[in-house]
Amino acid sequence: MKEHVLDLGQVLKNSLQASPSVYSPSVSYLSSPTSLGGSHVPVIRAVTPHNVVLFKEVLINEGSLRTANVALKTDGNSKKSRNNGVSIILDALYQLEELANMSLSGNSCPSIPGSKAKPAIPKEVLDEIIGFMIRFWDQAYKGYILTEQQVKESVSAKLMAVHTKAKKTKKRMPANDASASNDASATIATLAPLASTTSDV
């Protein structure tokens, strides 16, 4: 279970405006709006000792955050470092199935006619990632300014990678099913003569 800490007052304010689809089904907030009889009710959850605050409000697994910090320095002040760090953070906050059904803007892809729009990543979480990344860059790479747009591009790159992987997996599934069916038929055909021979004896 991935847990996030959000300000109770802010969550109550947001819950009056946001639709239930904004919130990921398996992501839990310390003070989160949950659907109950058509309305949203704040649910208080305990913070575990294995979680730390990402920036101001969102909780992330401490080990995952350490891994992200290392990745953000491995390739220096580069796009690769940004993308790797953001990827690790998103993996720590969400399940891959959730990321596969999430987008940066919430709009349909303009380059794919007829494509369906996917829910946008919750603004609270996106703001936390942006805040963390900008602060980290300022501390780790003095003199270099990381922009909000650059962080969004890294988030978008991760979501696109997950979407692409999910599509490839779906395309392989029918082929695998057909292969399994053919293997089963071949096995039956091979065993049939043996059964016949045995019965003749």
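Tutor: Helix 2 (residues 62-74) has 13 residues and spans 19 Å from its first C-alpha to its last, close to the 18 Å expected at 1.5 Å a residue, where the expected span is 1.5 Å times one less than the number of residues. Helices (H or I, at least four residues) and strands (E, at least two) are DSSP runs, numbered from the N terminus. This is a predicted model, in which local features need pLDDT of at least 70 and side-chain atom pairs count only at pLDDT 80 or more, while totals for chains, interfaces and linings use all residues. Residues are numbered from 1 along each chain as its sequence is written, and side-chain values use heavy atoms, with hydrogens and water left out.

In helix 2, the residues Leu65, Ala68, Ala71 and Leu72 are buried; the term buried means under 20% relative accessible area, exposed means over 50%, and partly exposed lies in between (1.4 Å probe, protein chains only). These four residues lie on the same side of helix 2 because they cover an arc of only 120° around the axis, the arc being that of the directions from the helix axis to the C-beta atoms. An α-helix has 3.6 residues a turn, so residues three or four places apart point the same way. On the other side of helix 2, Arg66, Val70, Lys73 and Thr74 are exposed. The cover over the buried residues of helix 2 includes strand 5 (51-53), strand 6 (59-61), helix 3 (79-93) and helix 5 (123-140).

Lys152 has its place in helix 6 and, at 25% relative accessibility, counts as partly exposed. Leaving aside neighbours within four places in sequence, Lys152 is in contact (heavy atoms within 4.5 Å) with Leu104, Leu126 and Ile130. Lys152 and Asp127 are 25 residues apart in sequence and 9.7 Å apart in space, C-alpha to C-alpha.

His163 is also found in helix 6, but His163 is buried, with a relative accessible area of 13%. Again leaving aside neighbours within four places in sequence, the contacts of His163 are Leu99, Ala100, Met102 and Lys118.
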